[in-house]
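Have the model open in your viewer and follow along.

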Amino acid sequence: MSQKGVMMKIFNFKEFKSLDLKEPEFLVDQLIYEQTISIVVAKPKVGKSIFCRNLSCALAKGEEFMGYKTKKSKVLYIPFEENLYNVRKQFRTFMGDTETDNLFIADQTEFISFESLEGAITSYSVDVVFLDTMIRALDIKDINLSLIHI
């Protein structure tokens, strides 16, 4: 079904029921699946970035994360709010002596275009992307402006 001006595929329920869909594989067992968008949300300064960096390392190594199995994945971590020295220090702590070609860290302090992000994902064959933080990544000045009002 297609409507003029609508730029996404929208199905009526009859079409939706009959779609031949493959169950996605997990990245973090029973929590995060391939080809999905997950967002970590919490109050400021409670450890979201540390949580995501630790998860990035677990995915890059294919090791358990908080008791959950992970699928070894290529990870791109894009920090927008912290200096690279501190980011590197934490990643060194979480990675220990592990050497890996599965973890990529970008030097990015301004918003990123979708074209640039898509290029990085394709060039490095990345499976998972962490935008820390998404608000800064998308250059949203006012959180209220990002909400859709109907």
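The buried residues of helix 2 pack against strand 1, strand 2 (32–33), strand 3, helix 3, strand 4 (103–105) and strand 5. Bear in mind as you look that this is a predicted model. Which residues of helix 2 are buried? They are Ser49, Cys52, Arg53, Leu55, Ser56, Cys57, Ala58, Leu59, Ala60 and Lys61. With 10 of its 14 residues buried, helix 2 is largely enclosed by the rest of the structure. From its first C-alpha to its last, helix 2 reaches 20 Å, close to the 20 Å expected at 1.5 Å a residue. Just after the helix comes Gly62, with a positive phi of about 75°.

Not counting residues up to four places away in sequence, Ser56 touches Val75, Tyr77, Phe91, Leu103 and Phe130.

That brings us to the nonpolar interior. In soluble globular proteins, nonpolar side chains tend to be buried together. Here, the largest nonpolar core has 17 residues, and those touching the most other members are Leu55, Leu59, Val75, Phe91, Leu103, Val128 and Phe130. Two or more residues come from each of strand 1 (26–28), helix 2 (48–61), strand 3 (75–79), helix 3 (84–95) and strand 5 (128–132). Helix 2 gives the most to this core, namely six residues. To see how one member is surrounded, select Phe130: apart from neighbours within four places in sequence, Phe130 is in contact with Cys52, Leu55, Ser56, Leu59, Val75, Leu76, Tyr77 and Ile78. There is also a second, separate core of eight residues, which includes Ile78, Phe80, Leu117 and Val126.

Now turn to strand 3. Is this strand largely enclosed or largely open? Five of the five residues of strand 3 are buried, so the rest of the structure largely encloses it. In a regular strand the side chains alternate between the two faces of the sheet. In strand 3, Val75, Tyr77 and Pro79 point one way while Leu76 and Ile78 point the other way, and all are buried.

Strand 3 has partners to look at as well. Strand 3 and strand 4 run parallel and are joined by three bridges; Leu76, for instance, has Phe104 of strand 4 as its bridge partner. Strand 3 also pairs with strand 5 in the parallel sense, over five bridges, and Pro79 stands opposite Asp132 of strand 5. Taken with the helix between them in the unit, strand 3, helix 3 and strand 4 make a right-handed β-α-β unit.

Follow that unit into helix 3. At 1.5 Å a residue, its 12 residues should span 16 Å, and the end C-alpha atoms are 16 Å apart, which agrees. Val87, Phe91 and Met95 are buried in helix 3. These residues cover an arc of only 60° around the axis, which puts them on the same side of helix 3. The buried residues of helix 3 pack against helix 2, strand 3 and strand 4. On the face turned away from the buried side, helix 3 carries the exposed residues Tyr85, Lys89, Arg92 and Thr93.

With a relative accessible area of 39%, Ile105 is partly exposed. Leaving aside neighbours within four places in sequence, Ile105 is in contact with Tyr77, Pro79, Leu84, Val87 and Phe91. Ile105 and Phe91 are 14 residues apart along the chain, and their C-alpha atoms are separated by 9.6 Å.

Finally, visit two loops. Met66 is found in the loop between helix 2 and strand 3, and its phi is near 55°, a positive value in a residue other than glycine. Met66 counts as exposed, at 63% relative accessibility. Ser125 sits in the loop between helix 4 (114–123) and strand 5. Ser125 is likewise a residue other than glycine with a positive phi, near 50°, and at 46% relative accessibility Ser125 counts as partly exposed.

Conventions: Residues numbered from 1 in each chain as written. Predicted model: local features only at pLDDT ≥ 70, side-chain atom pairs only at ≥ 80, totals over all residues. Heavy atoms only, no water. Core = buried A, V, L, I, M, F, W, Y, C linked by side-chain atoms within 4.5 Å. Buried < 20%, exposed > 50% of the residue type's maximum accessible area, 1.4 Å probe, protein only. Helix = DSSP H or I, 4+ residues; strand = E, 2+ residues; numbered from the N terminus. Contact = heavy atoms within 4.5 Å. Expected span 1.5 Å × (residues − 1). Pairing = 2+ DSSP bridges. Right-handed = clockwise from strand over helix to strand, strands pointing away. Arc of directions from axis to C-beta.
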